Amino acid sequence: MKKSELISVLAKHADVSKTEADRVLAALEQAVKVELLEGGEVTLPGIGTLGTAQRAERQGRNPKTGETIAIPATRAPKFKPAKGLKDLLKG
């Protein structure tokens with residue numbers, strides 16, 4: 001589903017205009033980004049939890065030269081689906 005399709009579905013289900021649905025989606029996106037940058041989590045009831053995971057520095061190998069390189073530590077986004085969503089997809 002593309003952004004425009006999501007906006008259309010949101011507008012239809014919430015009985016609002018597409019412009020209003022777009023503004024709400026943009027506000028949600030901004031709120032999630034701010035919370036994750038601050039190290040927090042965002043729980044979307046019935047969908048799951050968005051958070052971040054800290055990845056430690058590790059050794060890797062350059063596939064072209066075979067040289068060992070250091071891969072720096074980083075934060076990565078993570079998603080933990082809600083039980084209801086997992087159960088729904090299991091069938």
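What we have is a predicted model, in which local features need pLDDT of at least 70 and side-chain atom pairs count only at pLDDT 80 or more, while totals for chains, interfaces and linings use all residues. Residues are numbered from 1 along each chain as its sequence is written, and side-chain values use heavy atoms, with hydrogens and water left out.

Let me begin with the whole chain. Its secondary structure comes to three helices and five strands, where helices (H or I, at least four residues) and strands (E, at least two) are DSSP runs, numbered from the N terminus. From the N terminus on, the order of these elements is α-α-β-β-β-β-β-α. The C-alpha trace spans about 55 × 35 × 30 Å along its principal axes. Of the 91 residues, 14% count as buried, a word that here means under 20% relative accessible area, with exposed meaning over 50% and partly exposed in between (1.4 Å probe, protein chains only).

Turning to the valines, I would take Val-42 first, which lies in strand S1, residues 42–44. Is Val-42 buried or exposed? Val-42 counts as buried, because its relative accessibility is 15%. Leaving aside neighbours within four places in sequence, Val-42 is in contact with Val-32, Glu-35, Gly-48, Thr-49 and Leu-50, contact meaning heavy atoms within 4.5 Å. Val-42 and Pro-72, by comparison, are 30 residues apart in sequence and 26 Å apart in space, C-alpha to C-alpha.

Val-9, on the other hand, sits in helix H1, residues 3–14, and is partly exposed, with a relative accessible area of 33%.
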